[in-house]
Amino acid sequence: MPSVHDEAPRFRTVQKLQLEYAPVTITQYESARTGMRVAVVDQPGPKINGYFAVATEIHDDSGAPHTLEHLVFMGSKQYHYKGLLDKLATRMYSTTNAWTSVDNTTYTLDTAGWAAFAQMLPVYLDHLIVPTLTDAGCYTEVHHIDGEGNDAGVVYSEMQATQNTSQELMDLELRRLMYPEGNGYRYETGGMMEALRVLTADRIRSYHKEMYQPKNMRIILTGEVDHNELLAILDRFESSIMEDVPSVEEPFQRPWITSSNTPRVKQTSVKAVYFPEEDESMGDIMIGYVGPRYDDHEKSNAMAVLTQYLCGSSISVLENTLVEQEQLCSMVYCQSEERLDSALIFYLSAVETDRLADVEKRFVALLKDVANQPLNMGYLHDCLKRLRRQVVARSENAGDFFSTLVLEDHLYGDRAGRDLKHLESLKEFDDLALLSEDAWRELLRGWLANAEHISILGVPSKELSEKTTANEKARVEAQRAKLGEQGMLQLAEQLKQAQAENNRPIPESLLEQFKVPDAETIHFISTTTARAGAARKMGKLENNIQTTIDKDDNASSLFIHFEHIPSNFVRINLNMCTAMVPIELKPLLTLYLANFFTTPVMRDGARIEFEDVVLELERETVSYSINTVRGNVEMLSVSFEAESDRYESIISWLRTMLFDAIDDPVRLSASLTKILADIPEEKRDADSMAMAVLNMEHFERTSSGRAQNTLSKALYLRRIRNWLKADEQMVLDKFKQLRQALHKPENFRVYVAANIEKLSRPVSAWNALTDGLDMNQPLRPLDDRKACLSDIGKNPGSLAYFVPLAATDSSFAVLAIKGPEGLTHPDVPALRVAAAYMDAVEGPLWNGVRGPGLAYGTFWRLALDTGVVTFTIYRSPDTYKAWTKCKEQVEGYASGELRLEKLALEGAISEIVLGMANEQPTMASAADASYLSQVIRGVPKDWNHQMLAKVRAVTPEQVKEAMKRYMVPAFNPATCNMFVTCAQVMCNDLVARFEKEGFRPQSRTLESFQDDYGLEPPDGNGEEADDAEDIEDGEDDEDDEPMDTPDSDEE
C-alpha cells in the first residue's frame, strides 16, 4: 500500500490518563474535520484489539441496526467486493466481528501485531462509513424466501433461533414495561421476524445515513499501538470521505443524550411471559429497577458494591437465603446495564413453575427486610475491598476491561473526557469506605427495596410449544400456497441473481496490494519456566528463576510447575487426575465440584460452617473456583488468584478444602437441588445438547467428562438426591470414597504463575499441603481421554440421531469422523491449514452456507487427544440443505474440481498465527499457555512456533490429501456419526431426506440418552414418578452404549 503522507494529522489530544494502579495509559484524540473520536489503551502484548463503536438508537422493531452489522461487510466505496474485508483480514493475522446491543452497534478487529492492524484499519473504516448497501446484499443477508417457499437470510435465521427463547421473550417484555413508547430501550434492535420479513433496503440505507457519521463513532484500540502512525492513517482516510459525510459543524442529534430521560418506574408490575417448552417444571424470574444515571459515578459504584453484598456469592444475603437455605431457585445474580439511567436487573434461575409468583414476592419482601435491619458492615466492606482487588487484577490483564468502559463513555459520557477521569485512581473505593451505615441503607432503600420495579415470570408452556410449531407450519404452507409453483420459481431465480451479484470474484491483484507482515513483527509474550519435585523429570532448566526455586527446594516429590511473570498477584492451580475414581462414582463429580467451596470444614479442632469458609476465602482472594482442566476434561483443577503476600495462606486453604472438609448432608442436598434445578434450562440449549448426545455416545462410562454431562447427571443425581433422603449414610459413604480416590498426592500437579521473586518460600511453602501424606507413590500419568472412547467413538459410521426439541425454532448438527491422534501426527499441519481454509470468513463454506442463509455458520474442530474430527452446522433453518452444500464444497476442493486459491491458503496460515496470539494475549494467559503446552499437551514450550514452521511448509497437494482423508468422510454415512437437534416441526422431514442420502437416521428423545450408571432408585419413595419427567416410554436403556466427543484438546 502507498505510504502515509507527511502532512500533520488534524487530530487534537482530548486527554491522557495514566493509571496509578496498573501499567496502562489511556489517550483520547478527536478529529478537527469530522469529529471522529479515537481512544488508545496502551498495554503490552501480541494482540491489537480494535472496537469501532457506533451509538445506535431506533424506535421500532425493524432490526435496522442489526442488519447493518451484517451488511457493511458486503462492500464499500473504495472496495466494491463482498468479502474483501474478511479475505484481507484472513491474510492479515486478523479476525472481524460485530454485535448489536440495545444502544450501540460495535465492530471488532482483532489482529496479531500493529503492522497488520495498520493496513486493515482504513479498509475497515471505509466499509463502516461508506458501505455499498446494495439491494442484492439486503436480499440475501437480511431476508428472502427461497425456491421452496421457506423464509431465509442470515439475519432472519439468527433471530429465528433466538426470538422465542425464554431469555429473549422475558428481556423484551421487561424493557417494554420499564420504558415508555418512544424510548429507544424498549425495542428489539435485532429485529422481530415479522418485521424483518417486510424491512426494505431503503429503510436500512436511511438508518445508516442517520447514525453512521464519523462524529457518532469512537475507535477504541488496545495493545501496542504506534500513535503517530495511527493518526496519520486516520487523517488520510478522512480525506477520502469528506465529500460523503456531513460537515462537522452540521447539527447532529447525539443518540441517547438528546433523547428524553428514562422515567423511574411509576408502578410495580408483575407479568407472566410464556415460552415454548415441553418440560414445564422450571421457570425463571427477572426483576428490573431503574438505577443511577451514567454520570453519577459514586452512586453507580456504590450500587455495584451493594449488589455484590446482596447476591455476589453463596454467603450474600439474597443468594444465601433464597438458594442455600430456602432452595427456591438455583441462583440469584444481578446485572447492571449501563444506560443513560442504568438498569439493575436481578435474575432468579430455575424456579419451580408453580412457585414463580410466590418466589417473586419472597424476593421483594426479603429485600425490604434487609434494608430495614442493621447491615453487616464488616461483610459490606469485605465486598468493597474484594471489588477493588478485582479491578487491579483485571487491569493487569486488561483485555476488554477498559475498552468496555470507554465504549460506555462514548454512548453516555461527556465529550471532554470528564467521565473517564475517575479511572486514574481508586479514590472512589476509598470514598465509599467512609460512607456510614445509614448512607448505605438509604442507597439500598432508594434504588431497590422501596423502589417500584418490573417483575417478569418466565413460564414454560408445552401448549405454546405445540401452538408455535403449528402456527409456523401453517404460515409457511399459506405462504407457499400464495406464491404457487411459479412464484417460488421466480423467487429462486431472484435469489440466484442476487447471489451472483454479491459473489463477483475479487481480483487477486487487489488483495496483493496489501503486504502481509512477517510474523516476527508480532511481539509474543515470553515467560520463564521453573520446576520442582516430580516436575524436574520433565527436564533440567537453567535460568535465574530456576536458581531461586533450587535454593528453596525441600526434596519433596510434589509436582510443581512455575511460570514467572511480572505481576502483583499469584495464580495457583492444583490439577487432579480422576482415573482412579470408580466408574459407578464418576457421576458424583458434578456434585463434588458444586460442593467443594460450599461445605463446612474442621480447622484447629473446631467446625467452621460453610458461610465462614466462603467469607474467609473472599477476604483472601481475587477469585477461586474448581472446574475441569483446560485441554483435558478428564481432570479437575482447583484455582486461586490472590495478592502475592497471600501465597502461603492459599496453600493452607487448599489443604483444608482437600483434607479437612466435612461431608454435610444438608450442604450436599442444597448443591443437588441447585444442580437438578438447572437441568431443564441446560436441555433447552439445542446447540450444546447436540454435543451432549455425541458425548454420551462417543465415550464409555470410564470417562469423567461424560459422567458430568447433562444427560448423565439428570438421572443419576436425581436418584442420589432421593437416596440421600432414604439412606443418608449410603450417599456419605459414596462421597467419602470419591474424595479418597481423588485426594492423593500421586494425582496432583501444581501450577504457579507469579512474580516468583516476590515469594519468600516458593517450594517449601507447599509442605503445608503435603505434611503427613504418603509422598512415596509414583506420579500417575495424565488421564488418557482416548482410552475412554467407546467402540462407536473409535470407529465412527452409520450412526445418525435426530433429537426434536420444543425450545428451538432452528437446527444444529455435529458430524464426527476419525482423525489424526496427537499433536505430533504428521498430518496435523496440513489438516490445520485445510480446516482454516474451509472455515475462513468469506471462505468456501461461508459463501456456500452463510451467504445463501442456509446456516449462521459452520466450523471444523480437531480433537487431537482422541483422534476425532467434528464438523458443526450451527443454527440452520434447514440442516439438510446446509449439509448438501457443505458436502459439495468439501468434495469439490478435495478432488481438485474446485481450485485452492493461493492467497486464501496464505490467509489460512495467517489465521493459525492469529490463533497462537489468541492463546496468549496477556502475561497471565501466556503463562497458562506455557503450562498447557509443556504439562497437559506434553510438547515443548515453543511448540506453536515449531508448528508454524511446519504449517508454512504445507503444499496445496497436502491440503487436498488432508481433505480427502479427514473431511470428505464427514459426509459419508459409512464413516461419520451424525447428531442433530432441531425444532419439532423439522424433525420428520430431516429424517426422511437424510435417509435418502444413505444414513440410517433415528428420531429419539433427549431423555432416551440419559444414563443412571447402574444406580437403582430407592424402594417405595415414589422416585420413579419423579423420573417420569426425564424418561419417556421407558427409554432409559442401559444397553444403549453412551459415548462422547467433548471439549477435548481442540486445535
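I take helices (H or I, at least four residues) and strands (E, at least two) as DSSP runs, numbered from the N terminus. The expected span of a helix is for me 1.5 Å times one less than its number of residues.

**Entry 1: ground rules.** I am working on a predicted model, in which local features need pLDDT of at least 70 and side-chain atom pairs count only at pLDDT 80 or more, while totals for chains, interfaces and linings use all residues. I number residues from 1 along each chain as its sequence is written, and I use heavy atoms for side-chain values, with hydrogens and water left out.

**Entry 2: helix α22.** I looked up α22, residues 647-659, and found 13 residues that reach 19 Å from the first C-alpha to the last, close to the 18 Å expected at 1.5 Å a residue. I call a residue buried under 20% relative accessible area, exposed over 50% and partly exposed in between, with a 1.4 Å probe and protein chains only. On that scale the buried residues of α22 include Tyr647, Ile650, Trp653, Leu654 and Met657.

**Entry 3: domains.** The domain bounds I use come from an automatic or database domain assignment. For the protein chain, this assignment gives domain 1 (11-258 + 491-512), domain 2 (269-395 + 423-460), domain 3 (528-786) and domain 4 (795-1009). I noted a separation of 41 Å between the C-alpha centres of domain 2 and domain 4.

Entry 4: I count two strands as paired if DSSP finds at least two bridges between them. With that rule I read an open sheet of 7 strands with mixed pairing, in the order β1-β2-β3-β9-β4-β6-β5. Its edge strands are β1 and β5 (94-100), each of which pairs on one side only. The twist from one strand to the next averages 15 degrees; for such angles, axes are lines fitted to C-alpha atoms, for helices over the stretch in contact, and the angles run from 0 to 180 degrees between N-to-C directions.

Within this sheet I followed strand β2 (residues 25-31), where 7 of its 7 residues are buried. Thr25, Thr27, Tyr29 and Ser31 point one way from β2, whereas Ile26, Gln28 and Glu30 point the other way. Strand β1 (residues 11-18) runs antiparallel to β2 and is joined to it by 7 bridges, with Ser31 in β2 as the bridge partner of Phe11; the hairpin from β1 to β2 passes through 6 residues. On to strand β3 (residues 37-42), I found 6 bridges from β2, again antiparallel, and Gln28 stands opposite Ala39 in β3. The hairpin of β2 and β3 has 5 residues between the strands, and Gly35 in the turn has a positive phi of about 85 degrees.

Further along, strand β4 (residues 47-55) and strand β9 (residues 217-223) pair in the antiparallel sense over 6 bridges, and the partner of Asn49 in β9 is Thr222. Helix α9 (residues 227-241) packs on the sheet and touches β1, β2, β3 and β9, its direction making about 160 degrees with that of β3; contact here means heavy atoms within 4.5 Å.

**Entry 5: the sheet of 6 strands.** I then read an open sheet of 6 strands, also with mixed pairing, in the order β25-β26-β24-β27-β23-β28. The edge strands β25 (857-863) and β28 (1001-1003) each pair on one side only. Strand β24 (residues 811-818) pairs with strand β27 (residues 977-983) in the antiparallel sense over 6 bridges, and Phe812 has Thr981 in β27 as its bridge partner. Helix α30 (residues 828-839) packs on this sheet, touching β25 and β26 (868-876), and its direction makes about 170 degrees with that of β25.

Entry 6: In strand β26 I looked at Arg875, whose phi is near 55 degrees, a positive value in a residue other than glycine. Arg875 is buried, with a relative accessible area of 12%. Tyr1013, in the loop between β28 and α38 (1023-1027), has a positive phi of about 55 degrees although it is not a glycine, and Tyr1013 is buried at a relative accessible area of 5%.

**Entry 7: cysteines.** Taking a disulfide as a pair of cysteine sulfur atoms within 2.5 Å, I found 0 disulfides in the structure. The sulfur of Cys334 is 5.4 Å from the closest cysteine sulfur, in Cys311, and is therefore too far for a bond; Cys334 is partly exposed, with a relative accessible area of 22%. Cys886 is in no disulfide either, the nearest cysteine sulfur being that of Cys976, 13 Å away, and Cys886 counts as buried at 0% relative accessibility.
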